[in-house]
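Subject: A structure for you to look at

Hello,

Here is the structure I promised to pass on. Please open it first, then read my notes beside it.

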Amino acid sequence: MRENVFHVKISSLEKERQAIRAVWGQNMKQTGDLNLVKKINKSIVLHHIRTNSPISRARIAEITGLTKATVSSLVNELIESSVVEEIGVGESSGGRKPMMLLFNGTAGYAIGVDLGVNDILAVLTDLSGKIIREVRVQHDNASVEKVVQLLKTTIRGLIEGAPESVYGIIGIGIGVPGICDESGNLLFAPNLGWENVPLKQQIEETFNIPVVIDNEANAGAVGEKQFGAGKDTANLVYVSIGIGIGAGIIIKGDLYRGATGFSGEIGHISIQHDGPKCSCGSLGCWELYASEHALLTQARRELNDDTVDLEALLSKAEAGDPKVIALFERLGYYLGVGVVNIINGYNPEYIILGGRLASSERWLMKPLLALLEKRSLPHPRKQLKVAFSELSDRSTVLGAASFAVATFFVETTVSVDRN
């Protein structure tokens, strides 16, 4: 997929070329399009500078198998385009000391957004994913129009506060809690109650900046792979626990999207065949038992308080309230029910649990692990690691910003010479 080229673990030059050919979406003739080959090689060189800098030209040539002359020429072009800079000589292993190269993360900035059911979390990052500014705003989902307007206002504030740079704001990535198509249309978001919203078109028309729309759990999985606990893991499942539950699946280093692009709606697996009706239309869905919404529904009933929110429950649990702690432990049990299905069905190396409920790990983890020990198959469980996200609820915004950056490098820096 286009947005994943710069996140793939690469084992050989030919694999790199095949991956980047897929990004360009066109078949190369056996005789070869020399201009396209150059662009592909430039992408490969940039990838290694981004992920391994500081690095020398000689080391890039050694890793990729490209000639030193080719690497030198491509690096010079990247320096001219301001995305790479020389930072001085490094240590020598014999012979001349090499000139070291550094990726220039401040050549431009990206915006990442997590469009939630009750709030909008947005960040401004540099091209390396460093968060420069963060803002969170609440909304009541009164209407599509009002939420989209608030989204635009939030984005505009980040754009106006961005530092000066060569490329400015290079793109906007938005993670959405639902199913979207390749054109950036939000087809169905059951917890928002939205259908057929042309979100990409609306945001691009307002800001005239490239926009990438993707499922928030997919963005979260890429965020974890790129910046979080999944950096060294080829097969992982990221479970986003918010008002609903979604999953992003990484298989052999690539984001898995399914046959038609709609994989990961794991919150809608049924764990109770005759359970309550879900907003998706089915019965007994996992998210009815293990989401933030499920926790709040149960808490408001048992505590007889219709205004209690997650922050209040966390405070009560910290103070040792046994009723509230029991609510979190019950939630942990039901989280375990769904995680067992993920273990038995996908056999991942790593399951990362993220979203706002990551802050309640203290009470969720013990019952979750106890259920896994009891119900998951022993062989898939043997080398599995289950953990809550180190990025807290920022996995999605970082992944969304990463999508925007990857698109920029494919379509702009790599494919078009500045002169």
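Before the findings, two notes on how to read them. This is a predicted model, so local features need pLDDT of at least 70, side-chain atom pairs count only at pLDDT 80 or more, and totals for chains, interfaces and linings use all residues. Residues are numbered from 1 along each chain as its sequence is written, and side-chain values use heavy atoms, with hydrogens and water left out.

**The whole protein**

The protein has 14 helices and 16 strands. Both are DSSP runs, numbered from the N terminus: helices are H or I with at least four residues, strands are E with at least two. Of the 419 residues, 52% count as buried. Buried means under 20% relative accessible area, exposed means over 50%, and partly exposed lies in between (1.4 Å probe, protein chains only). The protein exposes about 19200 Å², and carbon and sulfur atoms supply 48% of that area. Accessible areas come from the Shrake-Rupley method with a 1.4 Å probe; for residues, only the protein chains shown count as cover.

Now the contacts, meaning heavy atoms within 4.5 Å. Take those between residues at least 6 apart in sequence: 62% of them join residues at least 24 apart.

Two strands pair if DSSP finds at least two bridges between them. Axes are lines fitted to C-alpha atoms, for helices over the stretch in contact, and angles run from 0 to 180 degrees between N-to-C directions.

Look at strand 4 (residues 109-115). Is it mostly covered or mostly open? It is mostly covered: 7 of its 7 residues are buried. In a regular strand the side chains alternate between the two faces of the sheet. Here Y109, I111, V113 and L115 point one way, while A110, G112 and D114 point the other way.

What are the partners of strand 4? Strand 5 (residues 119-126) pairs with strand 4 in the antiparallel sense over 7 bridges. A hairpin of 3 residues joins the two. V113 stands opposite A122 in strand 5, and I111 has L124 as its bridge partner there. Strand 7 (residues 169-176) runs parallel to strand 4, with 6 bridges between them. In strand 7, I174 is the bridge partner of V113.

**H139**

H139 sits in the loop between strand 6 (131-138) and helix 5 (144-160). Its relative accessibility is 10%, so H139 counts as buried. Leaving out residues up to four places away in sequence, H139 touches G116, V117, N118, D119, I120, V147, L150 and L192. A polar atom of its side chain lies 3.0 Å from the backbone nitrogen of N141.

Another open sheet has 5 strands in the order 14-13-12-15-16, and its pairing is mixed. Why is one side of strand 14 (254-256) and of strand 16 (385-388) left without a neighbour in the sheet? Both stand at the edges with a single partner strand each, so one side of each has no neighbour there. The twist averages 25 degrees from one strand to the next.

Strand 13 (residues 245-251) pairs with strand 14 in the antiparallel sense over 3 bridges. I249 has Y256 in strand 14 as its bridge partner.

Two helices to find here. Helix 7 (residues 216-227) lies across strand 12 (236-241), strand 13, strand 14 and strand 15 (350-354), at about 45 degrees to strand 13. Helix 12 (residues 361-375) packs on the sheet and touches strand 15 and strand 16. Its direction makes about 160 degrees with that of strand 16.

L369 is found in helix 12. At 40% relative accessibility, L369 counts as partly exposed. The C-alpha atoms of L369 and V386 are separated by 8.4 Å, though the two residues are 17 apart along the chain.

**Helix 11**

Just after helix 11 (residues 322-346), N347 takes a positive phi of about 50 degrees.

Best wishes

Note on methods. Polar contact = N/O pair within 3.5 Å; in protein donor to acceptor, adjacent residues only side chain to side chain. Expected span 1.5 Å × (residues − 1).
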